[in-house]
Amino acid sequence: AIPLVVAISTSLAAKNGLLVRNRTAFENARKISMLIFDKTGTLTTGIFGVTRISSFLSNLTKNDLLALAAALEQNSEHPIATGIISEAKAQKVSIPNVEDFQAITGKGVSGKVNQKNVWVVSPGYLRENNLNIPEVAVADASETTVFVLIDNQLAGFISLADQIRESSAEAIQNLKKQGIKTFMLTGDNQKVAETVSQKLGMTGYMAEVLPHQKLEKIKEQQAKGEFVAMTGDGVNDAPALAQADIGIAIGSGTDVAAETADIILVNSDPKDVASLIEFGRSTHQKMI
Ligand code: ADP
Ligand code: MG
């Protein structure tokens, strides 16, 4: 039988936007000493608008570049993909077919369009392949930039931006008051990560982190004795959500994240993480 206080607090939790999938994890929420957040789609809305498009090739217009990128992104469920598709639709470009689509985890996508090999990838992917990032493409502090390669040649870039969720700052402040360290792990670039984590007053951040590195980072903190909760929304967050002592998925995120998590933030509101910990504490006090 479920102890009465637990049953009551679970339904109270539901009223406060928390869907509890694993009650043991819920009861352990009071032990959390560190909360690790994904950035895109978690602390930010993950709703990207295209801010800049630039083609480096004279025979390729901005809309051509957009159409190529959109062709690949139709096969991806990443927030960047959604932003690029929306822009292609807004510009009414016709989107070509793609063959041999491949997702390069945490780095981008690739495929064949009109017999050409096309990539849409992160700045980190360019660096790994010894390609220079052109000065004009250096992102401003709030932009996420992806590069388009055609047959191994740098063809242009697309910059996108999303917004910090309204209640993210309050969530971080609240956790700090409870003595909990807050840390950001993101696959996005250094500048954006620094800007967002500083704006929110977080303890620290790590940028250009690949999905398996998110998991390693959590293990590292656990080895230091931290009781770690991880909050994320993406497919790429799932291994980290599974590794964390408590995995928390954002409701608007991917199914994979939700299925892996112990708790789901139904309203996609980071503030509800703070109430989760308060609940955990008061439930425990009532039980002892
Ligand atoms: P985050 O931790 O911010 O959710 P990801 O690990 O999903 O980031 O992605 C890291 C980076 O890889 C992105 O910022 C982008 O540069 C690149 N990337 C990932 N998926 C895609 C995609 N579908 N199209 C283009 N770029 C992508
Ligand atoms: Mg994310």
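Biologist: In which order do the six strands of the open sheet lie, and how are they paired?

Modeller: The order is β3-β8-β7-β6-β5-β4, and the pairing is antiparallel. A strand here is a DSSP run of E with at least two residues, a helix is a run of H or I with at least four, and both are numbered from the N terminus.

Biologist: Why are β3 and β4 said to stand at the edges?

Modeller: β3 (49-55) and β4 (99-104) each have a single partner strand, so one side of each is left without a neighbour in the sheet. Neighbouring strands are turned against each other by 15 degrees on average, with direction ignored; the axes behind such angles are lines fitted to C-alpha atoms, for helices over the stretch in contact, and angles run from 0 to 180 degrees between N-to-C directions.

Biologist: What kind of model is this, and how are its parts numbered?

Modeller: This is a predicted model, in which local features need pLDDT of at least 70 and side-chain atom pairs count only at pLDDT 80 or more, while totals for chains, interfaces and linings use all residues. Residues are numbered from 1 along each chain as its sequence is written, and chains are lettered from A and ligands numbered from 1 in the order in which they are written.

Biologist: How do you know that β3 and β8 pair, and how many bridges join them?

Modeller: Two strands pair if DSSP finds at least two bridges between them. Six bridges join β3 to β8 (residues 153-161), and the two run antiparallel, so by that definition they are a pair. S55 has G156 of β8 as its bridge partner, and S54 stands opposite F157 in β8.

Biologist: What makes β7 and β8 a pair as well?

Modeller: They are joined over seven bridges in the antiparallel sense, and I150 stands opposite Q153 in β8. In their hairpin, which has two residues between the strands, D151 takes a positive phi near 45 degrees.

Biologist: Which residues are closest to ligand 1, and how many surround it?

Modeller: There are 22 residues around ligand 1, with T40, S76, H78, S122 and G187 the closest; a residue is counted if its C-beta atom, placed from the backbone, lies within 6 Å of the ligand. This shell divides into six nonpolar, eleven polar and five charged residues, where Ala, Val, Leu, Ile, Met, Phe, Trp, Tyr, Cys and Pro are nonpolar, Asp, Glu, Lys and Arg are charged, and the others, Gly among them, are polar.

Biologist: From which domains does the shell around ligand 1 draw its residues?

Modeller: The shell takes at least three residues from each of domain 1 (4-45 + 163-287) and domain 2 (49-161), with bounds that come from an automatic or database domain assignment. The C-alpha centres of the two domains lie 30 Å apart. Their contact takes 13 residues from domain 1 and eleven residues from domain 2, a contact being two residues whose C-beta atoms, placed from the backbone, lie within 7 Å.

Biologist: How many helices and strands does the protein have, and why is it called as compact as a globular protein of its length?

Modeller: The protein has twelve helices and 13 strands. Its radius of gyration is 20 Å, close to the 19 Å of the globule rule for 288 residues, so the protein is as compact as a globular protein of that length. The radius is taken over C-alpha atoms, and the rule is 2.2 Å times the number of residues to the power 0.38.
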